[in-house]
Amino acid sequence: MRIPIHKQLMWWGVSAVVLLLAMWLLGNAILPFILGAGVAYLLDPVADRLERAGLSRVMSVVVITVAAVLAFALVVLLVVPVMLRQATSLIETAPAMLEQARAFLSVRFPELLPADGDVGTALTDLGAAMGEQMGTLASRLLSSVGGIISAVAILVIVPVVAFYLLLDWDHLVDRVDTLLPREHAPTLRRISREIDEALSGFVRGQGLVMLILGTWYAIGLMIVGLPFGFFIGVMAALLSFIPYVGVLIGGATAIGVALFSFWGDPLWIGLVVAIFAIGQIVEGNYLQPKIVGHHVGLHPVWLLLALSVFGALFGFVGMVMAVPLAAALGVVGRFLTQRYQESALFTGQALPPDPGQPMLVEIVPRGTVSNTIREARIRADQNRAQGQIEIMREEIARKHPDAG
C-alpha cells in the first residue's frame with residue numbers, strides 16, 4: 001500500500017530537523033569530519049582521473065595525499081609567515097593613514113570638517129583605537145577559532161577522514177543510492193546531480209579563479225612596490241569568493257595604501273589601479289565564463305544570505321556548510337518552483353484523482369474454484385475422520401492396556 005504524500009513529507013521534515021539539531025548541538029565535534037568530507041568531495045574527480053590514467057584507487061589517493069601535504073607545508077612555511085607579518089604591519093600603520101587622511105581633508109576640504117572638530121576628532125580617535133581594536137579582534141577571532149577547531153583536528157583528523165573517505169568515495173555513493181526511497185529514487189538522483197553540478201562548478205571553479213587572481217594581484221602589487229602588497233592581493237582574491245566584494249575591499253585598501261605611500265607620484269598610484277582593473281576585466285570576460293560558467297546558480301545575494309543565516313544559527317560550522325547548503329537549497333527551490341507551476345494551484349485546472357493501486361484479477365478455467373473448494377472439503381473430512389480414528393484407538397488402549 002502506497003504511503004500518503006503528507007506522511008512522507010512528515011518523515012522527511014523530521015529527518016531535516018534532526019540534521020539541523022545535530023549541526024547545532026554537535027557542531028564542534030563533527031566539524032573536522034565535515035571538513036574531511038568536503039576535501040574528499042573536492043579531490044574525488046582528481047582521483048577518478050588518475051584511475052583512468054592507469055593507477056589503482058589506492059595509489060591515486062596516495063599520490064593526491066602526498067601532493068596535498070607538500071602543498072600545505074609550502075603554504076605554511078612560505079605564505080603564512082609573510083601574510084601574518086604584513087597584516088600586523090598594516091594594522092599598525094592604519095592609524096597613521098587615517099591621521100594623514102584627516103589632515104588632507106582639513107587642508108583641502110575644510111568645509112567637510114566642522115569647526116568644533118567633531119568629525120576630525122572622530123577620525124583621530126578611530127585611528128588611535130583601530131590598532132588596539134583590530135589586535136583585540138584578531139586575538140578573539142583566533143582564540144574562538146582555536147576553541148572550535150583544535151590544532152589536532154586540523155592537522156590529524158581532517159586529513160585522515162579525507163584519506164579514508166576519498167578511498168571509498170565511489171562505494172559510499174553507491175551505498176547511499178541503494179538507500180534512496182524507491183518511489184522517489186529517480187527524482188532524488190536528478191536533484192543530487194544538479195546539486196553536484198552547482199556545488200562543484202562553483203567551489204572548484206571559483207577556487208581556481210581565486211588562485212589565478214591571488215597570484216596576479218600579489219605579484220603585481222609586489223612588483224609595483226606597494227607596501228603590504230602580498231597580503232592585500234591574497235585577501236582580495238580570497239574575498240572574491242563573493243563576487244565584487246574582493247575587488248571593492250581589496251581595491252579600496254590597495255588604493256588607500258598607494259595614496260599614503262606614493263603621494264605625489266601618480267604613476268605608481270595609476271599602476272595599482274590598473275592591476276585591479278586588469279584583474280576585473282580578465283575575471284569578468286574570461287575566467288568566470290570559461291572556468292565557473294553561468295550555469296552554477298549561486299547568486300551573490302543568495303550566497304551572502306546563506307553565509308549570514310547559517311553563520312548566525314550554527315557559528316563557524318554554519319559558515320563552512322553555507323555554500324553546499326545554499327547550492328542544495330537553490331536546486332530544491334527550483335525543483336519546487338517547477339512542481340508548483342505544474343500544479344493545479346498555479347494553472348487553476350484540477351488534476352484527475354489518483355487512481356490508486358490496481359486490482360489484480362486472475363482468470364482460471366470454469367469450475368476451477370468449485371473443484372478446489374470440493375477437494376478442500378474432502379481433505380478436511382479425511383483429516384477429521386483420521387482424527388476420530390486416532391481418538392478411538394487411544395480410548396481402547398486406555399481401557400484395555402493388556403490388549404496390545
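## Exercises on a predicted helical model

V272 is found in helix α10 (residues 266–292). The model is predicted: local features need pLDDT of at least 70, side-chain atom pairs count only at pLDDT 80 or more, and totals for chains, interfaces and linings use all residues. Residues are numbered from 1 along each chain as its sequence is written, and side-chain values use heavy atoms, with hydrogens and water left out.

**Exercise 1. Describe the surroundings of V272.**

Solution. Step one concerns accessibility. V272 has a relative accessibility of 1% and therefore counts as buried; buried means under 20% relative accessible area, exposed over 50%, and partly exposed in between (1.4 Å probe, protein chains only).

Step two lists the contacts, where contact means heavy atoms within 4.5 Å. Leaving aside residues up to four places away in sequence, V272 touches L221, V224, L226, A254, I255 and A258.

Step three compares sequence and space. V272 and G229 are 43 residues apart along the chain, and their C-alpha atoms are separated by 9.7 Å.

**Exercise 2. State the secondary structure of the protein and how much of the protein is buried.**

Solution. Helices (H or I, at least four residues) and strands (E, at least two) are DSSP runs, numbered from the N terminus. By this rule the protein has 13 helices and zero strands. Of its 404 residues, 26% count as buried. Among contacts with a separation of 6 or more, 71% join residues 24 or more positions apart.

**Exercise 3. Check the length of helix α9 and locate its buried face.**

Solution. Begin with the length. The expected span of a helix is 1.5 Å times one less than its number of residues. Helix α9 (residues 245–261) has 17 residues and should therefore span 24 Å; its end C-alpha atoms are 24 Å apart, which agrees.

Next, list the buried residues of α9: G246, V247, G250, G251, A254, V257 and A258. Seen down the axis of α9, these buried residues fall within an arc of 135°, so they line one face of the helix. The arc is that of the directions from the helix axis to the C-beta atoms.

Finally, consider the face of α9 turned away from the buried side: it carries the exposed residues L248 and A252.

**Exercise 4. Examine F228, Q86 and helix α8.**

Solution. F228 lies in the loop between α7 and α8. Most residues other than glycine have a negative phi. F228 is not a glycine, yet its phi is positive, at about 60°. With a relative accessible area of 13%, F228 is buried.

Now turn to a contact of F228. Q86 is found in helix α3 and is buried, with a relative accessible area of 17%. Not counting residues up to four places away in sequence, Q86 touches F228, G229, F230 and F231.

**Exercise 5. Identify the largest nonpolar core and the elements that supply it.**

Solution. A nonpolar core is a set of buried Ala, Val, Leu, Ile, Met, Phe, Trp, Tyr and Cys residues joined through side-chain atoms within 4.5 Å. The largest has 31 residues, and those with the most contacts inside it are M23, L166, L303, F310, V317 and M321. Two or more residues come from each of α2 (27–52), α3 (57–108), α7 (185–224) and α11 (300–342). Helix α11 gives the most to this core, with 15 residues.

As an example of its contacts, M23 touches I30, F314, V317, M321 and L325, not counting residues up to four places away in sequence. Apart from this core lies another, of 28 residues, including M97, F231, A236 and L287.
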